[in-house]
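Dear colleague,

I am passing this structure on to you, and my notes on what was found in it follow below. Please read them with the structure open beside you.

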Amino acid sequence: MKRIALGGLHTECSSYSPLLQTAADFTRTIGQDLIDFVPFDFALHGIEVIPLFHDRSVPGGAVSAATFAAQRAGFMTMLQASLPLDGVLLLMHGAMFVPGIDDPEGDFIQQVREIVGPDAIISAAFDLHGQITDQICNAIDAFAAYRTAPHIDTPQTYARAAKMLSEALNSGVRPPV
């Protein structure tokens with residue numbers, strides 16, 4: 001059975017807002033509730049899911065540097081403890097702003113890649129109007145984007161990202177770059 005980690009960070013920031021988002025602004029989903037976010041039968045595809053956490057906030061101001069640092073550190077600690085992994089499914093948004101960090105989601109995903117190594121498959125779900133940087137593109141293997149605004153297709157997008165990950169893991173064929 002293939003093993004994947006599941007989790008991510010999801011927020012849309014307005015750099016014009018003077019208010020900083022803190023941990024209290026995020027809702028954290030863990031365990032089976034996190035697995036249930038993704039309408040995909042992982043077991044049917046021979047995949048064991050290790051749920052880490054998913055932090056989501058409503059659109060707001062920038063995320064405080066301390067909040068982002070704590071989210072990233074907590075996620076990476078859990079990811080490290082979950083090794084070895086064949087893949088990672090990241091449920092992201094792509095519009096995070098953290099003062100003093102040019103590409104917070106890129107940094108986050110690059111650190112995921114460093115932990116899981118070059119052979120693991122990383123599939124991610126994003127909002128297409130987010131900041132999809134070279135750093136993000138270079139660290140992931142598969143990408144699914146919301147097709148609607150408002151995002152009424154979030155579950156379907158998560159399922160597409162899961163399907164791409166599953167197909168890559170079960171076929172042994174890495175998605176083309």
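Helices (H or I, at least four residues) and strands (E, at least two) are DSSP runs, numbered from the N terminus. With that in place, Pro84 sits in the loop between α2 and β4 (87-91), and the peptide bond that leads from Leu83 to Pro84 is cis, with omega near 0 degrees. This is a predicted model, in which local features need pLDDT of at least 70 and side-chain atom pairs count only at pLDDT 80 or more, while totals for chains, interfaces and linings use all residues. Residues are numbered from 1 along each chain as its sequence is written, and side-chain values use heavy atoms, with hydrogens and water left out.

Five salt bridges (a side-chain nitrogen of Lys or Arg within 4 Å of a carboxyl oxygen of Asp or Glu) are found in the whole structure. One of them joins Arg113 and Asp141, whose closest N and O atoms are 2.7 Å apart; this pair links distant parts of the chain, with Arg113 in helix α3 (residues 104-116) and Asp141 in the loop between α4 (134-139) and β6 (142-145), 28 residues apart. Arg113 and Asp141 also belong with Arg174 to a network of salt bridges.

Buried means under 20% relative accessible area, exposed over 50%, and partly exposed in between (1.4 Å probe, protein chains only). Arg113 is buried at 12%, and Asp141 likewise counts as buried at 16%. Ser57, in the loop between β3 (47-56) and α2 (65-82), is buried as well, with a relative accessible area of 7%.

Best regards
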